[in-house]
Amino acid sequence: MAGYDNVPDYEIKREIVEIAHMMNRKGLVGTYEGNISVRKGDKVYETPSGNSKELLTEGRIITVDMDGNLIEGELTPTSETPMHTKCYTLRDDVHAVVHCHAPYCTAFAQANMAYDDPASPEFQILFGKVPCLKYGTPGSPEIIEELPKYINDYDVVFLQNHGVLGVGSTVLEAFSKIMSVEMLLQTYFIRKMLFPEISCDLPKEELEVLMRMHDSKRGK
Ligand SMILES: [Zn+2]
């Protein structure tokens with residue numbers, strides 16, 4: 001397990017606040033959207049419901065148990081808490097979860113489109129594919145219905161009509177993966193706008209090499 005087990009509480013809260021500010025600075029969240037969590041044993045530290053990520057401070061971070069019940073803090077747990085706790089119960093190697101409505105990712109999610117980019121070696125090695133999980137009302141159990149189907153194989157997934165979810169061994173890692181997909185999508189978008197007629201796909205043999213690199217990176 002390890003992860004955050006030996007990290008002091010104040011340090012965990014500091015990391016969450018830093019990434020929340022970073023998400024806001026980079027334009028990945030509106031004022032009240034998105035949430036971040038960290039698992040330490042059976043305790044989950046998370047950003048509370050309806051709080052600005054820009055103005056978030058350590059004192060506003062709450063803790064809940066794995067069933068989403070409030071343990072510490074004055075503020076309300078986000079209705080998206082089950083999305084976070086489900087990731088932790090499905091994967092032992094996941095110690096942090098980040099969810100936001102990053103614009104390019106969310107455009108794909110709203111269109112119910114998975115993302116695959118055979119033109120980008122970086123995308124192929126790092127992600128292989130970003131699937132889109134079928135729609136569920138935000139905060140409802142349906143939103144996590146398809147998580148078990150995908151989260152073991154993918155660290156970043158789109159949520160149909162909603163946004164994006166990333167997991168990692170640290171908050172920075174989970175956030176960086178979302179940021180990376182968002183940046184790759186920006187390039188994809190510009191390429192499609194400027195050069196709609198040009199196929200930029202890498203040859204099949206090269207894609208196979210990259211897929212093997214992707215698999216070995218994931219320890220397959
Ligand atoms: Zn959301």
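Lys43 stands opposite Asp65 in β3; strands are DSSP E runs of at least two residues, and helices H or I runs of at least four, numbered from the N terminus. The model is predicted, with local features requiring pLDDT of at least 70 and side-chain atom pairs counted only at pLDDT 80 or more, while totals for chains, interfaces and linings use all residues. Residues are numbered from 1 along each chain as its sequence is written, and side-chain values use heavy atoms, without hydrogens and water.

Strands β2 (residues 43–46) and β3 (residues 62–65) run antiparallel and are joined by four bridges; pairing requires at least two DSSP bridges. The open sheet has eight strands in the order β4-β3-β2-β1-β5-β8-β7-β6, with mixed pairing. Its edge strands, β4 (70–72) and β6 (132–133), each pair on one side only.

Ile36 lies in strand β1 (residues 35–40) and is buried, at 0% relative accessible area. Buried denotes under 20%, exposed over 50% and partly exposed the range in between (1.4 Å probe, protein chains only). The C-alpha atoms of Ile36 and Thr47 are 5.7 Å apart, with the two residues 11 apart in sequence.

The zinc ion is coordinated at 2.0 to 2.6 Å by Glu80 (OE), His99 (NE2), His101 (NE2) and His162 (NE2). Donors are N, O and S atoms within 2.8 Å of the metal (3.2 Å for Na, K and Ca); water is not among the atoms, so sites may look incomplete. The sequence spacing of the donor residues is E-x18-H-x1-H-x60-H. His99 is buried, with a relative accessible area of 0%, whereas His101 is partly exposed, at 22%.
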